[in-house]
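Subject: The structure we talked about

Hi there,

Here is the structure I promised to pass on. Please have a look at it first, and then read on for my notes.

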Amino acid sequence: MILEQKIKVLLEKGLKKAFNRNLPILLNIPKQLEHGDLSTNIAFILAGELKKNPRVIAQEIIDHLKPLPEWIERVDWAGAGFINFVFKPTAYFEVLKEVLKEGKKFGSSKTGKGKKVILEFVSANPTGPLNVVSARAAVLGDTLANLLDFAGFKTHREYYVNDVGNQIELFAQSLRARYLHALGQEAVIPEEGYQGDYLKKLGEELARGRHAGAVSQYETGSGRHPEDFKKIGLKKMLDWQKKSLKHFGVVFDKWYRQSDLIKKKMPQKAMAKLKERGFLYKKEGAHFFKSTAFGDDKDRVVQKQDGEFSYFASDIAYHEDKFARGFQWAVDLLGPDHHGYVARTKAAVEALGFKPEQLTILIIQQVNLLQNEVLVKMSKRAGSLITMDDLLDEISVDVARYFFLQRAASTPLDFDLVLAKKETPENPVYYIQYAHARIESIFAKAKEGGIKTGFKRIALSLLNLPEEKELAKKLLVFPDMVAEAAKDLAAHPLAFYALDLAKLFQAYYSQAKQDVRYKVVDLENRPKTEAKLYLLKNIQIVLQNALRLMGISAPKRMESKDAPFAI
RNA sequence: GCGCCCGUAGCUCAGCUGGAUAGAGCACUUGCCUUCUAAGCAAGAUGUCGCAUGUUCGAAUCAUGCCGGGCGCACCA
């Protein structure tokens, strides 16, 4: 909070005068209103050192804070020795001018100092449509990128395409089999291949093209070359994935192909570097990376007995390249099945000569898709999966995004499709959007009454209801929440914050039914109306900022009132 | 066996750089629509914060051990 800094300085001076000490001061906002606006436990910390009663210390500190700035009403100690500050109510509303001035930028900061950060997320195999787990990763990664941008970082969203290796071969073979089936020929889908319906359709599509005689660029001689299936299939899948992601509001800056990396011989180069640094050795015909030197459980194969590089070798090269491209910080979002990867990847980064803190790996826990409380088993190869697209057939992007953002990445997510649909009417996201829309319509009402909303001279003392102070407080805490969330790489505080703020507003608004003092638009009392609108404008700005960071729309009207959630 | 995540209200989860009476959403009960959208509001009930020990003036929060659940431990990607 902006006022917090001022209190800190005040306390520092007081400490110096009273005890000649210089301690880091922690302030927090008490849960109980009776405990004031800000409180500190500094007396407890000093008590240990000075061997004195914290209450006595607290009193001494308070004595040395005088004279108090005019915006502080009083300071006293309470409980076992907490020092509590109580502000004059107008202090908050005064500071709200900052919110108005900063508008869209309110809450942003320069803490990132323009540091270049690459976020890699989703990175699913390009062998099929994206499932709901990818959806979670996509929404979280996208929101974290927004958050980091807002906090002053320079972010880059990247999708790593595993277009090399066994899975792709199996995928191509599966597609080829489907294609041949469509032509009435015998063919077998590999045992570990991809059974999904989408490949059947694609195979048929390709076969139709052949019969029509329209397509030939993929054909060599009499039939399609096996490589073509890889190429065509890959393109189709990537286009599909891009489209699905776009529907979720997620657009990547770059789709980075593993095959490009291999073409450029980057694994070789990275391995050479590791060797040079002494972290590579040969055993039983394979090359190992000495990841145990950096805390991994065991050393990892980077070049197999058959001479091929392992997937991990490409990954090492990929991370090397991230830093070579000038990113100072790499954030990887991985699925829960990849958490065994954390130690070795961090080890690789360190072995390549980078600092361990330059790579942050976030594990996103699974999404348990439930249908009537029964777990839906998903397997891409078997073709039984609920895709991102399916999800958006059921619920809106706004709801989906909010749903995924409500939970910490480390928490598994239970998602009952039936329940999600049913719960839609009470979904918090509509509640938040409603708060925003409601403010909009209040402004429309005010405009009708010819109320000016330039906010030139606002009589702040007219904002004298306790809820108004609470609202202002909540608004002023927004930048701290954003900074904290960015620091923790956590998006869920945004979701909770928005809900809290909406809740405070809705409660405040509703009081007007019982109590005219709460009525915003009052043409008989224009100064009061303007003051309240000033507060509401600030609320709206902050709601917009919070929603924008989450990639959720801030509608001016809530439509379909009569049949709110007919599906 | 080793490693990672989780265990907080009936359900799903916040809170966890230790702080003063542990929160939200959903579900439940009871009220409230001549007044800026009732997609709403108010009131009510519910907790051995998995268990134990320790550190501390103070522990849901930190440490250690245990119990329970999930996931991972490939020369696959």
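Before the notes, one term: a residue is called buried if 20 or more other C-beta atoms lie within 10 Å of its own, exposed if 12 or fewer, and partly exposed in between. By that count, buried residues make up 39% of the 567 residues in chain A. Please keep in mind that this is a predicted model.

**Overall layout**

Chain A contains 20 helices and 17 strands. Its C-alpha atoms fill a box of roughly 90 × 65 × 40 Å along the principal axes. Among the contacts in chain A with a separation of 6 or more, 73% are between residues 24 or more positions apart.

The domain assignment divides chain A into domain 1 (2-87), domain 2 (122-161 + 251-363), domain 3 (166-247) and domain 4 (427-550). Domain 2 and domain 4 have C-alpha centres 44 Å apart, and their contact takes 11 residues from domain 2 and 8 residues from domain 4. On the domain 2 side, the elements that give two or more residues are α5 (132-150) and β14 (359-363). The largest share of that side comes from α5, with 7 residues. By class, the side of domain 2 that touches domain 4 has 8 nonpolar, 3 polar and no charged residues.

**Helices α5 and α14**

Helix α5 also packs on helix α14 (residues 397-405), at an angle of about 80° and with the axes 9 Å apart. The two helices are therefore roughly perpendicular to each other. From α5, the contact uses Ala135, Arg136, Val139, Leu140 and Thr143, while α14 brings Ala400, Arg401, Phe404 and Leu405. Sorted by class, this contact has 6 nonpolar, 1 polar and 2 charged residues.

How much of α14 is buried? The count is 8 of its 9 residues, so α14 is largely enclosed by the rest of the structure. The buried residues are Asp398, Val399, Ala400, Arg401, Tyr402, Phe403, Phe404 and Leu405. What covers them includes α5, α13 (388-394), α16, α19 and α20 (526-550).

**Around the RNA**

By class, the surface near RNA strand B has 31 nonpolar, 24 polar and 18 charged residues.

**Backbone details to look at**

Most residues other than glycine have a negative phi, and most peptide bonds are trans. Here are some places in this model to check against that.

- The peptide bond from Lys66 to Pro67 is cis, with omega near 0°. Pro67 lies in the loop between α3 (54-63) and β3 (72-78).
- Lys265 is a residue other than glycine with a positive phi, near 60°. You will find Lys265 in the loop between α9 (258-263) and α10 (266-276). Lys265 has 11 other C-beta atoms within 10 Å, so it is exposed.
- Glu284 is not a glycine either, and has a positive phi of about 50°. Glu284 sits in the loop between β10 (280-283) and β11 (286-289). Because Glu284 has 7 C-beta neighbours inside 10 Å, it counts as exposed.

**One more residue**

Lys421 belongs to helix α15 (residues 417-423). Is Lys421 buried, exposed or partly exposed? With 14 other C-beta atoms within 10 Å, Lys421 is partly exposed. Lys421 and Pro466 are 45 residues apart along the chain, and their C-alpha atoms are separated by 37 Å.

Best wishes, and happy browsing!

How values were computed. Residues are numbered from 1 along each chain as its sequence is written. Chains are lettered from A and ligands numbered from 1 in the order in which they are written. This is a predicted model: local features need pLDDT of at least 70, side-chain atom pairs count only at pLDDT 80 or more; totals for chains, interfaces and linings use all residues. Ala, Val, Leu, Ile, Met, Phe, Trp, Tyr, Cys and Pro count as nonpolar, Asp, Glu, Lys and Arg as charged, and the others, Gly among them, as polar. Domain bounds come from an automatic or database domain assignment. Two residues are in contact if their C-beta atoms, placed from the backbone, lie within 7 Å. Helices (H or I, at least four residues) and strands (E, at least two) are DSSP runs, numbered from the N terminus. Axes are lines fitted to C-alpha atoms, for helices over the stretch in contact, and angles run from 0 to 180 degrees between N-to-C directions. Angles under 35 degrees count as roughly parallel, over 145 as roughly antiparallel, 65 to 115 as roughly perpendicular and the rest as oblique.
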